[in-house]
Amino acid sequence: MSELNATVSTSNKDHAERAEVFNKDEARVNWHDQTLWFIRSKRDKAAHTLAEWELLREAASQIKLNVLDNLFLYLQEFERNAMTNGIKIHWAADANEHNEIVHGIIKGAGVSHIVKSKSMLTEECHLNEYLHTRGIDVVDTDLGERIVQLAGEAPSHIVLPCIHWKKEEIGELFSKHMGTPKGNSDPQFLTGAARANLRQHFMSSRLAITGVNFAVAETGEIVVCTNEGNADLGVQLADVHIACMGIEKIIPKRKHLGIFLRLLTRSATGQPITTYSSHFRKARSGQEMHIVLVDNGRSERLGSDDFRNALKCIRCGACMNTCPVYRRSGGHSYHYAIAGPIGSILAPGLDMKKYADLPFASTLCGSCTNVCPVKIDIHDQLYKWRQVIVQDGYVAGGKKTGIGIMDFVFSKPGVYRFAGKVGRWMMNHFPFVVNNKMNPWYKQREMPVAPKQSFHDWYKERQRK
Amino acid sequence: MESRERILAQLKIHQRTNNVLPPLVVPPAQPLNLVDKLVTILTGIGGQVAKVTSWSQIKSELLGMLGPDERAINLIPELEFLQPTPLGKEPHLLENVRLAVLKGHFAVAETGAVWVTSDLMGDRALPFICERLALVVEEKDVVPSMYEAYERIGSASYEFGTFIAGPSKTADIEQSLVLGAHGPKSMTMFLLKTN
């Protein structure tokens, strides 16, 4: 059986159109919404156990700011120390160079079958597709990632890759790909089946790729966090370990891990810590270890006062779990490797035209900013991206016309009052004009009853009395 | 090396110097009993804790965990339970290990995590490939939080080190927690209090 490869849909649909597809099944949307809100609630509970939570967020935010300010120095310090530890360091300017480097190492090792633990960077670079077309079989070993990989999909969430899948569907998928009995959708059973299946891949792969959660400049070590132990099992049974990281993953000192590890998993899933927080400083004897440092637009982003803070992100996913739009539109509606609010401010930095819709996929409620463990001003950046995108002319015609009309109406009090009067009269006398499918506000919503008079008229009348 | 120079040149342009590193966040003093907290947290994330007062007590508990003809590896000399085994160089041969017994440097009360470095693992694959993992930590070696944990680690020059908090687990299928994802299906911490 040939392995399907995770592919990002190539259709040109924007967020709203994809969300509309997701919203066709109302029961499923409600289930998705509640599942993510449950995780958000667990995050709150975990955060509230620490009296110093807000101090930790502030410290983490400032450490990351210091990193962004001094990345030039820290990266070289990291490189020096990692090389002293016997690790080979590679630099990649963009996604393609990253993929070439990784492919080169795989070819050099003479293998065609590899295991990979979770790495959003490799998703960003579309490494799996790149290797697949060159005859390399990549097995994603995180259970959630394996599920979406078997289904030919990309992860819909950075921490919970198959959060949009129901267990019955997973049962069916496993029955097709792993030969589990049809109709069995017990999570314990299915996890056991995946364990047995993936154990064979761990035992036979001579090369393992991992992501990186933190890279310590002071010591040249990298830290990888998993609950499943898949990164560790893959690496410890392989002859070659390749760790791929964005250059912003650096932290200055080992002791700073004490701050970040206290924040990361509590923010992500509400656990106190992941089962494994592994510190790779030197390769095991006889093993080769490579680290690929990837820029892919990051060094350019550093020059933007408005948007550089997005590089503080530690990929916990808290902003997605709390986002009312993400919860009700699903991760795939964002058509980028990283979904949700943080993805919506990262993606336009890579390709403003392609991702022009994403900063508009938000209510700007600010909940993302409030839960972010490194205090990224996510909703402010969403708002700023909208302005840049409109100014540069990347907004779709309909939205542009709408914004133009709103500008005309709202900036002229007389026009505004007249429009309001007409609108109220129409809604009260001819409700079908707004209560129909042509009106996007009517979708999944009941239109309110229009008031008899405006606040302005009511206030004037009250003054007269 | 061309990309390296290009990336660094770009970073150098954006180099700023006005921000300094903030002080570390020192957790408030814990009035709670550290051991109680550790037990609560670790059992809450699927681990098991056995409070013991002697090596022989650990030994008898371990014997109860091991079925006949099951392979076990012990790396603790004080524990007169199986001879500490010199391991070969081939980690794949550890696949049939049902029980591995290792020492941990210390445990962290707030996270239930035990710090283990490669010099205590025999083979780095062992704590991940075994089916059941037993870690022995002395009760005096329980620290309150990750802050104290890294103070304690300091500038140690381990080759590989990991915090282990409970058994390997996943909740990727509809958020149902399943213990034993790829690594150990159970993790038992023996908290040893000797006089």
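Guide: A residue is buried if 20 or more other C-beta atoms lie within 10 Å of its own, exposed if 12 or fewer do, and partly exposed in between, with C-beta atoms placed from the backbone. This is a predicted model, in which local features need pLDDT of at least 70, side-chain atom pairs count only at pLDDT 80 or more, and totals for chains, interfaces and linings use all residues. Residues are numbered from 1 along each chain as its sequence is written, while chains are lettered from A and ligands numbered from 1 in the order in which they are written.

Visitor: How do you know whether Asn321(A) is buried or exposed?

Guide: Asn321(A) has 30 other C-beta atoms within 10 Å. The rule asks for 20 or more, so Asn321(A) is buried. Asn321(A) lies in helix 14 of chain A; helices (H or I, at least four residues) and strands (E, at least two) are DSSP runs, numbered from the N terminus.

Visitor: With which residues is Asn321(A) in contact, leaving aside its neighbours within four places in sequence?

Guide: They are Leu36(A), Ile39(A), Arg40(A) and Arg43(A), where contact means that the C-beta atoms, placed from the backbone, lie within 7 Å. Among the buried residues of helix 2 of chain A are Leu36(A), Ile39(A) and Arg43(A). The buried residues of this helix pack against helix 12 (257-268), helix 14 (318-322), helix 15 (324-329) and helix 17 (367-371) of chain A.

Visitor: How does the reach of helix 2 of chain A, from its first C-alpha to its last, stand against what is expected?

Guide: Helix 2 (residues 26-48) of chain A has 23 residues and reaches 33 Å. The expected span is 1.5 Å times one less than the number of residues. That expected value is 33 Å, and the helix is close to it.

Visitor: What radius of gyration has chain A, and what would a compact globule have?

Guide: Chain A has 25 Å, whereas a compact globule with 465 residues would have a value near 23 Å, so the two agree. The radius is taken over C-alpha atoms, and the globule rule is 2.2 Å times the number of residues to the power 0.38. Along its principal axes the C-alpha trace of chain A spans about 90 × 55 × 45 Å. Of its residues, 51% count as buried.

Visitor: Why is strand 6 of chain A called mostly covered?

Guide: Six of the six residues of strand 6 (residues 221-226) of chain A are buried. Glu221(A), Val223(A) and Cys225(A) lie on one side, and Ile222(A), Val224(A) and Thr226(A) on the other, so both faces are covered under the rule for buried residues.

Visitor: How many bridges join strand 6 of chain A to strand 9 of chain A?

Guide: Five bridges join these strands, which run antiparallel. Two strands pair if DSSP finds at least two bridges between them, so these two count as paired. Val223(A) stands opposite His279(A) in strand 9 of chain A. Strand 6 of chain A is also joined by three bridges to strand 5 (residues 214-216) of chain A, again antiparallel. In the hairpin of strands 5 and 6 of chain A, with four residues between the strands, Gly220(A) takes a positive phi near 70°.

Visitor: In which sense do strand 9 of chain A and strand 8 of chain B pair?

Guide: Strand 9 (residues 276-280) of chain A pairs with strand 8 of chain B in the antiparallel sense, over five bridges. Ser277(A) stands opposite Phe163(B). The contact of the chains takes 60 residues from chain B and 68 residues from chain A. The largest share of the chain B side, nine residues, comes from helix 1 of chain B.

Visitor: How do helix 4 of chain A and helix 1 of chain B pack?

Guide: Two packed helices are described by the angle between their axes and the distance between the axes. Helix 4 (residues 71-84) of chain A and helix 1 of chain B pack at about 140°, with axes 8 Å apart. Such axes are lines fitted to C-alpha atoms, for helices over the stretch in contact, and angles run from 0 to 180 degrees between N-to-C directions. Leu71(A), Phe72(A) and Leu75(A) meet Leu8(B), Leu11(B) and Lys12(B).

Visitor: What makes strand 1 and strand 2 of chain B stand at the edges?

Guide: Five strands of chain B form an open sheet in the order 1-11-6-3-2, with parallel pairing. Strand 1 (48-52) and strand 2 (71-74) each have a single partner strand, so one side of each is left without a neighbour in the sheet. The twist averages 15° from one strand to the next.

How values were computed: Contact = placed C-beta atoms within 7 Å.
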